[in-house]
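Please take a moment to look over the sequence and the model, and then follow the paragraphs below, which lead from one part of the chain to the next.

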Amino acid sequence: MKRFPKVIALFVIMGVMASLILGCGSDKQSTAKFDYPKKPINFIIPWGAGGATDTVGRAVADAASKHLGQSMVVVNKPGGSGSLAMEETLKAPADGYTVCLSSSTVLTVQPQINKSVKYKADDFRIVTNIVQNPLFLFVKGDSPWNSVKDLVEDAKKNNKVLKVGHPGIGSANDMGHAAFFDAVKLDITKVPFKSNGETIAAIIGGHVDLGAFHPMEAKEFVSAGKLKILGVFKPQRVDFYPNVPTIAEGLAEAGYDFEYKNTDFSAWYYLAVPKGTPDAVYNFLVEKMKVTLNEPSFREKAKQLNMVVNPLPPTEIANAVKDIEAVNKKIIEKTGMNK
């Protein structure tokens, strides 16, 4: 009888040791199973090579490679205002070997205005926001308009129909225009171009009156006096053009309240993967991209392009995308852009 406690104690000890051994084995197994990435990652960019977005995408790919342990192979897939690249990403296996550089308008506008688009924002998991590319309103350098107030008052007084250049329906540029002209109720004619570069040439040549685009594409023309900036489509002014008022400030001076004064119409760029991407792979990418976006080489490239680097946690990004989608839906419905 006295031996039973010793026997029981022995079995308990053996059981604990077995659990520990099995537990250690299972940890080693789970660690061994996670061997991502073991080959290069395809990085799909929805725009052509050589533009500002492609440039920043390649800077991300270069900076990320040393942290990922594998290279990111850039694949340019322009077309469909960015939608073709998103659809290509969804067709690929959700295994982390296909990621896409997307934008706020590609994710939230194209599915609302283009019935042929086969995705929605919820089909993707956003790994990180990469940069924000601020949107500015430009006119010709020798234009008599020196402010938003000048533009609005002159157009109203002389019943002008303004010609507005843009790179595509539903682009960030187009959404900024739509919000602005909805506020002031001016008559406009939209003139489409293949790129912001073409819009810039048309403004300088006097073929269109104005257009909204990004500072990287325009800064040399601003410095040369060929273009003039009237405002920035952000809630606050930007550091690199501190004397340029926000569009809300300009409209307030002209006597108008801008409904979207708290909206940032910058082109937001994201790194996205299909929704079915495993948590372990997704979390790995989140952590590695956090380090990548702090790389001095990447920060310097973004600074050269006049783009803002302000990475947010995934939950904040998801909420920001939903907010942008709601604002864009409102603009689309008010202006009939989806008809």
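**A walk through the chain**

Pro37 sits in the loop that runs between helix H1 (4-33) and strand E1 (41-45). The peptide bond that joins Tyr36 to this Pro37 is cis, with an omega of about -10 degrees. As with everything described here, this comes from a predicted model rather than from an experiment.

The protein chain has 13 helices and ten strands, and along its principal axes the C-alpha trace spans about 110 × 40 × 35 Å. A compact globule of 339 residues would have a radius of gyration near 20 Å, whereas the protein chain has 26 Å. Of the 339 residues, 47% count as buried, and the accessible surface comes to about 16,600 Å², of which 55% belongs to carbon and sulfur atoms. If we take the contacts between residues at least 6 apart in sequence, 78% of them join residues at least 24 apart.

Thr98 is found in strand E3, which covers residues 98-103, and Thr98 counts as buried because its relative accessibility is 9%, where the cut-off for buried is under 20%. Leaving aside its neighbours within four places in sequence, Thr98 is in contact with Ile41, Asn42, Ile44, Thr89, Ala92, Val273 and Pro274.

When residues up to four places away in sequence are not counted, Thr128 touches Tyr269, Tyr270, Leu271, Met289, Leu293, Pro311 and Ile317.

Strand E4 also brings us to the charged side chains. Which residue does the side chain of Arg125 meet in a salt bridge? The partner is Asp279, and the N to O distance is 3.0 Å. This pair links distant parts of the chain, since Arg125 lies in strand E4 (residues 124-133) and Asp279 in helix H11 (residues 279-292), 154 residues apart. Asp279 itself is partly exposed, with a relative accessible area of 48%.

Taken as a whole, the structure holds 15 salt bridges, and another of them joins Lys185 to Asp182, with the closest N and O atoms 3.0 Å apart. Are the two partners buried or exposed? Lys185 counts as exposed, because its relative accessibility is 57% and the cut-off for exposed is over 50%, whereas Asp182 is buried, with a relative accessible area of 16%. Lys185 and Asp182 also belong to a network of salt bridges, in which they are linked with Glu259, Lys330 and Lys334.

A further salt bridge is formed where the side chains of Glu249 and Arg237 meet, again with an N to O distance of 3.0 Å. Glu249 lies in helix H10 (residues 247-253), while Arg237 lies in the loop between strand E9 (227-232) and H10, and the two residues are twelve apart. Glu249 counts as partly exposed at 35% relative accessibility, and Arg237 counts as partly exposed at 38%. To complete the account of charge, the mean positions of the 41 positive and 34 negative charges of the protein chain are 7 Å apart.

The phi angle of Ser81 is near 55 degrees, a positive value in a residue other than glycine. Ser81 has its place in the loop between strand E2 (72-76) and helix H3 (83-91), and at 40% relative accessibility Ser81 counts as partly exposed. Asn306 likewise has a positive phi, of about 55 degrees, although it is not a glycine. The loop that holds Asn306 runs between helix H12 (296-304) and helix H13 (314-335). Is Asn306 buried or exposed? At 12% relative accessibility, Asn306 counts as buried.

Terms used: Residues numbered from 1 in each chain as written. Predicted model: local features only at pLDDT ≥ 70, side-chain atom pairs only at ≥ 80, totals over all residues. Heavy atoms only, no water. Helix = DSSP H or I, 4+ residues; strand = E, 2+ residues; numbered from the N terminus. Rg over C-alpha atoms; globule rule 2.2 N^0.38 Å. Buried < 20%, exposed > 50% of the residue type's maximum accessible area, 1.4 Å probe, protein only. Contact = heavy atoms within 4.5 Å. Areas by Shrake-Rupley, 256 points an atom, 1.4 Å probe, with all protein chains shown as cover. Lys, Arg positive; Asp, Glu negative; His and termini not counted. Charge placed at Lys NZ, Arg CZ, Asp CG, Glu CD. Salt bridge = Lys/Arg side-chain N within 4 Å of Asp/Glu carboxyl O.
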